[in-house]
Amino acid sequence: MKDKKHIVLLGAGYGGILTAKKLAKKFKKNEDISITLIDRHPYHTMLTELHEVAADRVPEDAIRIELNKIFAGRKVDVVLDEIENIDFEQKTLIGASKSYTYDYLVLGTGSKPAFYGCKGAEENCLTLWSYDDALRIKYHILDTFRRASKEHDPEKRRQLLTFVTVGCGFTGVEMAGELGEWSRKLCKDFYIDPEDVTMYIMDMLPKVLPMLDDRLIDKTQKRLNKLGVEILLNSNITEVKEDGVLINGSTFIPSETIIWAAGVEGSDIASGLDIEVTNRGRVETDEFLRSKDKEEVFVVGDNIFFIPEGEERPVPQMVENAEHSASTVANNVAATINGGQLKAYKPTFHGMMVCIGGAYGVAQVQTGNNAKPMKFSGFLAMFIKHFINVIYFLQIAGFHKTWVYMMHEFFHVPDRRSFLGGHFSKRSPNFWVVPLRVFLGYQWLMQGIHKLPGVIADPSNIFLIPAKVTAVSGASAAETAEVVEQAVEAVSSATQAGAAEATAEVAEAASAWGAALPVPEFIQNIVNWSMDLMFYTPDGGFTAMASVFQTAMVVGEVIVGLCLIAGLFTALASIGSIAMGGMIWASGMAPPEMLWYIAGSFATIGGSGSTFGFDYYVYPVLKKYWKKVKIAKKWYLYTD
Ligand SMILES: Cc1cc2nc3c(=O)[nH]c(=O)nc-3n(C[C@H](O)[C@H](O)[C@H](O)COP(=O)(O)OP(=O)(O)OC[C@H]3O[C@@H](n4cnc5c(N)ncnc54)[C@H](O)[C@@H]3O)c2cc1C
């Protein structure tokens, strides 16, 4: 038996997670390889969304995903530990609870805030670089507003209501923008005049977001100002004290809230490693993203220090770099083990998106290496940002995380803090929809019960599908009357004892064709084409498929009706109701009342069965069991 090889990944950040997933796929069936992912937290944190929790836009757990969920059913062992040192000679990670040996190591420990030796900054600033940081900021700000609302000393109150963000890069701008938006609500909640609140964002550089085009910079500044944030540029923070910041050695701004977002350096562990590391704590790598000193040590994400060919600067410490490097590292680890071709790291970066509050953003997108960047602001920029997030979530936790994200960002977002406003997040109690649900169910049930005897008597007697009429193809709307007449005739001639009543009803409906809902010609053509294909024999009769379809339709009406009345699987039944309504409409036989069937079904999709319905009891039990099913876990096909 061959020796088992151990791949250990340190850090479940953007880079570590994706590398682990890709490696798990590559070595899925290889029993000689073990993959272990170690992190100090049992969850992956979406660092790019930290400001949303820090300023209470989304619930606290919105930016975390449990590692066990991400790797359920995959060949990755998740280990919870804090790694304190790495012995590269012994190929061992020394953790707080135990040591771990490796044959191949992937380092992805990310960054931490850099204070550049600014006096008092580390001791007196809040930082925004972890889930805990975000919570600390949120509760600190809430407490500050609470204290300010009770403070009578004007100077102290002013100090409490002065908020400083240091750093005009994307982290600082996102934090300051979010705070500006949140402060309006806080003022309302704590009965504070918004005029009493002062918010600053400051930087020693002369520009906000200097990597962006000037027009976007201008828009960013205007938006920040609109949210009440004052921008102080060319402002070098020379000292941070417990009670404020000193700018350029002379101007003191009293504040109890100083958020440091001025820069990053390698994580604690990366900075102290016994391999070649830059003074900013990044590991020097070759083009294959291996440490320059140790071939078996690969590096992903922010930890990489690598200057791509033709570039002057190292790869940026951004998510896109983490994602790209994950593919390269996974490929190269596999190639090293299997003896394949190593892939050189050739990243392409597509720009950046920055949100300034939940409703506005700016984005600069680069589509090719030499292409002129495209600039977006407002709705489009936010759309791009959310779209990119969704793509990432689909990769790491599929439907589950995407669903949760959409709920938090669009459907449950409070105070209109979304680029879609509050239009999708207005909520009303489900019980108002119960009468509609029951009535809709009753209507479908009656439709089904009416036709059921006909189907039972002779399933091959087709009365829901008009007989084939050659004039139909290419017929204009004006010619349909003739077509219908023929259809009615065909239907009448098909009348049989058991189907008499149903047939008469269809004929009646068909004779009212003139009043039927109009159907665009291209849809008519598609329907005619598909009916030709499935339902008609060459000699003008009906196929067996037509009988199956008709029976399914009638049984479907009964089932949908019963489910809606009982409030059982209501969402599915409502979707079924929309689909049936849509089919009847597309066939050109929908009376205007079909419109309210469809409109009503949209209203009942969203959980109306969980009020006075069986879903209230059935869903929680089903969810519990469904989440344990292998396929659901592996493909993230569940909601919490
Ligand atoms: C507030 C904020 C906003 C940002 N916005 C953007 C943005 O809009 N766009 C963009 O592209 N980038 C943005 N970034 C940067 C982006 O988040 C990073 O580039 C990215 O997270 C790097 O991924 P990574 O895998 O290298 O490390 P990380 O995602 O930081 O993950 C590192 C992991 O290592 C673990 N770890 C570290 N040390 C140890 C140890 N000793 N033992 C055990 N576990 C350890 C940590 O717990 C963590 O899970 C933002 C960052 C922040 C903080």
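1. In helix H16, the buried residues are Ala546, Ser547, Gln550, Met553, Val554, Gly556, Glu557, Val558, Val560, Gly561, Cys563 and Leu564. Buried means under 20% relative accessible area (1.4 Å probe, protein chains only); helices are DSSP runs of H or I with at least four residues, numbered from the N terminus. These buried residues pack against helix H12 (434–457), helix H17 (570–586) and helix H18 (594–605).

2. A word on provenance: this is a predicted model, where local features need pLDDT of at least 70, side-chain atom pairs count only at pLDDT 80 or more, and totals for chains, interfaces and linings use all residues. Residues are numbered from 1 along each chain as its sequence is written, and side-chain values use heavy atoms, with hydrogens and water left out.

3. The length of H16 (residues 544–566) checks out: at 1.5 Å a residue, its 23 residues should span 33 Å, and the end C-alpha atoms are 33 Å apart, which agrees. The expected span is 1.5 Å times one less than the number of residues. Just after H16, Gly567 takes a positive phi of about 70°.

4. The largest nonpolar core has 107 residues, and Ile7, Ile86, Leu93, Leu105, Leu107 and Phe145 have the most contacts inside it. A second, separate core of 19 residues includes Trp444, Leu464, Ile578 and Ile584. Such a core is a set of buried Ala, Val, Leu, Ile, Met, Phe, Trp, Tyr and Cys residues joined through side-chain atoms within 4.5 Å.

Notes. Helix = DSSP H or I, 4+ residues; strand = E, 2+ residues; numbered from the N terminus. Buried < 20%, exposed > 50% of the residue type's maximum accessible area, 1.4 Å probe, protein only. Contact = heavy atoms within 4.5 Å.
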